[in-house]
Amino acid sequence: IFFQIGRSTESPIDFVVTDTVPGSQSNSDTQSVQSTISRFACRIICERNPPFTARIYAAGFDSSKNIFLGEKAAKWKTSDGQMDGLTTNGVLVMHPRNGFTEDSKPGVWREISVCGNVFSLRETRSAQQRGKMV
């Protein structure tokens with residue numbers, strides 16, 4: 001199963017996500033705030049058969065459904081010659097300590113690349129230098 005997530009309301013998006021602004025009472029309060037969520041932020045691929053893995057990949061797509069990253073996005077070539085990169089705003093994930101239980105505590109935030117690699121956070125959300133691969 002493949003899910004596309006982002007702030008765009010275009011048809012390729014399965015789940016539309018929006019920023020929340022502290023203290024705002026309605027959508028009209030948030031109109032002037034620039035979003036920190038990419039139009040096509042990430043995709044999640046879930047296997048229906050054991051071991052039921054779910055993988056997350058940062059991604060932006062152009063009108064031809066090809067992966068696209070803006071000119072300000074961090075991009076690099078991997079040791080095996082593939083291109084990898086980070087979305088301009090980043091796709092961040094956090095796994096809670098103690099799992100998903102009543103005793104859950106916040107875990108460490110990580111950033112996901114286009115190829116699904118996991119990195120420590122960049123110095124700033126839109127920095128050109130990626131974090132260390134985890």
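Which residue stands opposite Val118 in E9? I looked this up first, and Ile112 is the residue facing Val118 in E9.

**Ground rules.** I am working with a predicted model, where local features need pLDDT of at least 70, side-chain atom pairs count only at pLDDT 80 or more, and totals for chains, interfaces and linings use all residues. Residues are numbered from 1 along each chain as its sequence is written, and side-chain values use heavy atoms, with hydrogens and water left out.

Two of them pair if DSSP finds at least two bridges between them. E8 and E9 pair in the antiparallel sense over two bridges. They belong to an open sheet of three strands, in the order E7-E8-E9, with antiparallel pairing. Its edge strands are E7 and E9 (118-119), each of which pairs on one side only.

**Entry 2, the four-stranded sheet.** I then found an open sheet of four strands with mixed pairing, ordered E2-E1-E3-E4. E2 (15-16) and E4 stand at the edges with a single partner strand each, so one side of each has no neighbour in the sheet. Inside the order, E1 (residues 2-6) and E3 pair in the antiparallel sense over four bridges. I checked Ile5 too: its bridge partner in E3 is Cys42.

Where is the cis peptide bond? I found it from Pro50 to Pro51, with omega near 10°. Pro51 sits in the loop between E3 (42-46) and E4 (54-58). Phe52 is found in that loop between E3 and E4 as well, and its phi is near 55°, a positive value in a residue other than glycine. Is Phe52 buried or exposed? Phe52 is exposed, with a relative accessible area of 52%; the cut-offs are under 20% for buried, over 50% for exposed and partly exposed in between (1.4 Å probe, protein chains only). Asn98 has a positive phi too, near 70°, and lies in the loop between E7 (92-94) and E8 (109-112).

I looked at Leu92, Trp109 and Leu121, which form a nonpolar patch on the surface with about 270 Å² of accessible area together. Areas come from the Shrake-Rupley method with a 1.4 Å probe. Patch residues have over 30% relative accessible area and no salt bridge, and nonpolar side chains are joined within 5 Å. A salt bridge is a side-chain nitrogen of Lys or Arg within 4 Å of a carboxyl oxygen of Asp or Glu. Leu121 lies in the segment after E9 and counts as partly exposed, at 41% relative accessibility.

Note on methods. Patches are made of residues with over 30% relative accessible area and no salt bridge: like charges are joined within 9 Å, nonpolar side chains (Val, Leu, Ile, Met, Phe, Trp, Tyr) within 5 Å.
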